[in-house]
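Open the structure in your viewer and keep the selection panel at hand. The tour below goes stop by stop.

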Protein chains: 4
Amino acid sequence: MGNNTLGELFKITSFGESHGKIIGVVIDGVPAGLKADIEFIQKELNMRRPGQYSLSSQRIEFDKVEVLSGVFNKFTTGAPLCLIIKNEAFDSRDYEKNKDILRPSHSDYSAFKKFGGYADYRGSGRFSGRITASYVMAGAIAKQLLQRYNIFIFAFTKSIGTIIDSQIYKIDALQSLISRREQSPVRSLNSALSKQMEEQIKKVNDIQDSIGGQIKCIVSNFPPGIGGPVFNGIESNLSKAIFSIPSIKGIEFGKGFKATEMKGSEHNDPWILVNESIKTSKNDSGGIIGGISTGMPIEFTVAVKPTASIGITQKTVNIKSMKEDTIKIEGKHDPCIVPRAVVVVEAMTAIVLVDYLLKEGKIPSVLSA
Amino acid sequence: MGNNTLGELFKITSFGESHGKIIGVVIDGVPAGLKADIEFIQKELNMRRPGQYSLSSQRIEFDKVEVLSGVFNKFTTGAPLCLIIKNEAFDSRDYEKNKDILRPSHSDYSAFKKFGGYADYRGSGRFSGRITASYVMAGAIAKQLLQRYNIFIFAFTKSIGTIIDSQIYKIDALQSLISRREQSPVRSLNSALSKQMEEQIKKVNDIQDSIGGQIKCIVSNFPPGIGGPVFNGIESNLSKAIFSIPSIKGIEFGKGFKATEMKGSEHNDPWILVNESIKTSKNDSGGIIGGISTGMPIEFTVAVKPTASIGITQKTVNIKSMKEDTIKIEGKHDPCIVPRAVVVVEAMTAIVLVDYLLKEGKIPSVLSA
Amino acid sequence: MGNNTLGELFKITSFGESHGKIIGVVIDGVPAGLKADIEFIQKELNMRRPGQYSLSSQRIEFDKVEVLSGVFNKFTTGAPLCLIIKNEAFDSRDYEKNKDILRPSHSDYSAFKKFGGYADYRGSGRFSGRITASYVMAGAIAKQLLQRYNIFIFAFTKSIGTIIDSQIYKIDALQSLISRREQSPVRSLNSALSKQMEEQIKKVNDIQDSIGGQIKCIVSNFPPGIGGPVFNGIESNLSKAIFSIPSIKGIEFGKGFKATEMKGSEHNDPWILVNESIKTSKNDSGGIIGGISTGMPIEFTVAVKPTASIGITQKTVNIKSMKEDTIKIEGKHDPCIVPRAVVVVEAMTAIVLVDYLLKEGKIPSVLSA
Amino acid sequence: MGNNTLGELFKITSFGESHGKIIGVVIDGVPAGLKADIEFIQKELNMRRPGQYSLSSQRIEFDKVEVLSGVFNKFTTGAPLCLIIKNEAFDSRDYEKNKDILRPSHSDYSAFKKFGGYADYRGSGRFSGRITASYVMAGAIAKQLLQRYNIFIFAFTKSIGTIIDSQIYKIDALQSLISRREQSPVRSLNSALSKQMEEQIKKVNDIQDSIGGQIKCIVSNFPPGIGGPVFNGIESNLSKAIFSIPSIKGIEFGKGFKATEMKGSEHNDPWILVNESIKTSKNDSGGIIGGISTGMPIEFTVAVKPTASIGITQKTVNIKSMKEDTIKIEGKHDPCIVPRAVVVVEAMTAIVLVDYLLKEGKIPSVLSA
């Protein structure tokens, strides 16, 4: 059975299929009195939309957000918001043709075992990356709430294939980082690397292949003392949310896997006083210790696998005839989803953090004007 | 506020503190009719216990499991099980002395911000690794359920510091793997590497430092078609559970972070027929596609940071005087928790997977004799 | 904050406002392979619609169900269903005019304290009886699932004001009961009482007043052994769901409040053998003992208060001027909502019972053809 | 499967069996900094204990509360509290003897269908009224929290059989009500009726029969604006919690079932100004409109069925031989559980209301000293 609702007090419910009528989300637990900035939601959706850089999926998606409920006289009412985008301009013929031939590293087989052949296979249906538009809409509402508390979430492309941006960015310089990211079609913060990353994507695209990459996400100004040990840890809830994005195969906080080769004396973050407030002199813990925020930036990195849809002929099995077969996936597919996933990572992060703030009573149920 | 309950139909509730009276767990949703193998629970607890190898924490923990409820005439009744171990033989004096001096990369500061100074600081209280004994007890019950379906969970030490075991183990040879792991005090599967890992730990211990490492976990025989897209993915729920273990800072499934440098044509797992059943010729997806099990082994790796408690003098802050200070943590501390965490990773995995099987109706509410 | 999601494995999320764009529901956890009978959903919605009897609210509601997601090639896919009806033909002017004058026994004041004046007040917004259309749509899907297991839910009007139908109906005669209910505009099973009830409603309507009543609900063929003690009782979950219907002020199972005057020797239901299966010779327990179904019909009665909207001038307070005032509620209002609530009670019952069957593994995640 | 956890932010998990080792509860979500008044918990437990009046069950229960976790230096820490009482001095022989003979209106049959014969039948195991000791312990913690906000919960015996106390009590006179209740062994507020009620119980006891009754519960000083429409209503969550008490078969809020015979003009509560604050001139709504508190006292009444255990010979079935049989239940059983259930009703009410206040951010996660 499904599980399409996430969160405790800030609760989102995703619905819709890639080639169905709509993609939608119900957002429950939004405090009353938030001025709903629809333009901002649209801007966020646009960041997820293909066509940002020349090689991304050429399916035209207008993705215009519609508010079905929860907003009255421009403000949220405390009732659940329902936001949708319509699905348009898609072509399901190729999916029809190949529906019995399992696409390698796609969900065709696992979905068949789970849903017994009833799943909507067109455009990967409920497994499509397009479902993340529902996350982005909910994330946009969450971000608007966080902005009232000066909490900023910022993600960017850390690597495409072997082109890796190892620089440590200071989140304080957020404004300049944002504009740099906007100028990069691959959401990189470094213009030289951005070109190399584009080149990398173009190269795999030319051979009808695909490539993976990493996204780094930083949260600034998140207050200390939020989260908890045991099952209330920020790493626990963030990772759960992040893995709900298709194609994510790894997550690490702070130094992450590098910490496994470090000594305690290297990895430990010394406490210091900065203007009479307690900080750490470095942040290898990624802003979370014992599952609780330390007040330092929350930092994590996620691993995105290469797009499973490639034009190269692959070995596989026809599930109807139960014979081995080959498949060559037609149509334009995004050779690298990393740039488009950047805003999705931000969205899931915002959703999780708002839920924490509500549970801790840090956001009231009616916002002050 | 806390959140000490995990799971939907198989629900565990952890309680107790490191230096309090007990560590305990309530396990709800255990089907009636399971012959409760108390010896097995004890054996699992023993694997977590310190003192397995010469350098681990010398606090003597007897950790004898007691069943307070849920078992009648040797079988589970369908009522919640409560299992506890008593805390004995600990010395809290050092914690008293240093309670205002923040230990670097320990939860002292974040806990202070969260719990306002009321938290039980003795032995790190609720943040202690000792809390994972509650996970292990619940995991032992979950494993007994999984064994009825021939599902095996097996974890081992993949690396200690820079000593890395890169071999691909075939889970089919499980019996020999188990005995190899038992012979290794650091839970390695390779006797030569095991010695090097022990050496590595001894070396950091000699200089009162600590070291991290990686644990690999493999689940064999888990049926295909379990899990789901969106918020029901196996990666989502496993990662949430795994990050509830103290000191875990990363998790990756299948090729994980390595997948970010791969092309689709390399990473995609081709479908093949093996004895008329559908498999993949390799398993870079780690047994999960679209959040759903493929029937291939579920494989993931977790990153464990170096123990935060070290004997070396560290810079820090006294939170009472609000002055910078230093701390030298006394007492015997485990220089590397990786070996002891192996069984904890297995336990959390078992707990999550049983919950899935119950939600899918694969385990009945009354077991057949 | 809100809480608009109900259920554990069969999970419904309600959204929309009385005078907003739509009323909608997301239904998660519907097994794949259910042939979605849209006509049946429409028929259920029609039972809730006003205009069934001459005196009910004359707002014209077309309430044509639209399926936005979750159905493909006429079958459910395992993905969440989103069903909506559009709001049309309403007039919000009267609500605008009176928005600061608290309507007695309406939610105006409690909503103001909760949502700080941001709630959509038009047509009572989220508090409107119209919201129950979302329950009815979800209930129609639940009923289709239950029908596969021959489980029938049947509710009817037990009383309107002091006109009370005290007959004990045998659920075995379901077909004849259904047709009797269809012939009665007030959903009574007794044609003589039906006329009196209509008369009663007409009488209060003539004086611009309103009246309450009782609804009795019976579930036949529900298997024994479903539910549980402590927080898993059927009474617990049914009552929670039933009280989410506006205007319900009481619920009793079996003999209910009458049981308080009975002796154990009178109230106890003796076990008997009927065709070698265990039954009780009477059913004062209402089919539930220890929170678990006994296999006898589940029977309960709910109390519906008189409609709060009446045309008679009432004393009240203007919340803006903070002065005492009077209000005369204009427009056509339903003088008795009991008949329309009958199908809503059935819907909530179906939703709760399907959730139980899923949790017990009695309904598979893919239905057989 | 079971479901032994209740609540969202204030979460209680009940465990233990009537004749097992202990009865216990884990209370999660208790803010840090509450001075844990153990004597108060004990006093509450004593109110539930038998032996308060001469005819109640003569099983001696010491029920001494023990704190296993969550309290340090006399204050709650923010970690989950585990409270237990030991089971002592019981005699299970009679249960052994009759274990195949279904006791009428007891859970023997439904439990058998649910748990397949594995349930602990001794003393009704998990279905025993003794389980409510776990509710009372958790309720005592909840009450201590509510007291900080001057919220008082007060329940009393409204009727035993046909002896009914119809007086309307003003909760303002709480102190005098408490002492009157203490003086009454049946928890009545009227000394004349108290005698009649005792007499009534004595009479049924003399003939080895039992009797039911009603409990009324009033909450004073609960702030307006808490709760919500749809699935967040106070009636919904209170009723769910109250029906988790064994033997409860009905609940009504405000006028409840009487409202079904009333006109809107009678039932509607006019808004008035009292010292510039908004109140209603009467409280037929029972302090809740639209699922949200109005600031008037929350009032509800519950129906308690007569004790199922009676000494009179009853017809029944032997489930092993599958033959009709008779049973005469031996031992001393409580002929009326109403007086002992009074404190249990209060406890469940307190637990639900604290959860609401936490969800609304009205109680902080760390209490001020």
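Two strands count as paired if DSSP finds at least two bridges between them. The model is predicted.

**Stop 1: a strand pair in chain D.** Select strand S7 (residues 81–86) of chain D together with S4(D); the two run antiparallel and are joined by 3 bridges. To find one point of pairing, pick D:Val67, whose bridge partner in S7(D) is D:Leu83.

Stop 2

**Stop 3: chains C and D.** Now show chain C beside chain D. A rotation of 180 degrees, with 0.0 Å of shift along its axis, superposes chain D on chain C at an RMSD of 0.0 Å. The two copies are therefore related as by a two-fold rotation axis. Both copies use the same surface: 100% of the contact residues of chain D recur in chain C.

**Stop 4: an arginine in chain B.** Select B:Arg103, in the loop between helix H2 (93–97) and helix H3 (108–115) of chain B. Is B:Arg103 buried or exposed? B:Arg103 counts as buried because its relative accessibility is 7%, and buried means under 20%. Next, show what B:Arg103 touches, leaving out residues up to four places away in sequence: A:Trp271 from chain A, and B:Tyr95, B:Asp108, B:Ser124, B:Ser309, B:Ile327 and B:Ile329 from chain B.

Conventions: Residues numbered from 1 in each chain as written. Chains lettered and ligands numbered in written order. Predicted model: local features only at pLDDT ≥ 70, side-chain atom pairs only at ≥ 80, totals over all residues. Heavy atoms only, no water. Helix = DSSP H or I, 4+ residues; strand = E, 2+ residues; numbered from the N terminus. Buried < 20%, exposed > 50% of the residue type's maximum accessible area, 1.4 Å probe, protein only. Contact = heavy atoms within 4.5 Å. Least-squares fit on C-alpha atoms with pLDDT ≥ 70 in both.
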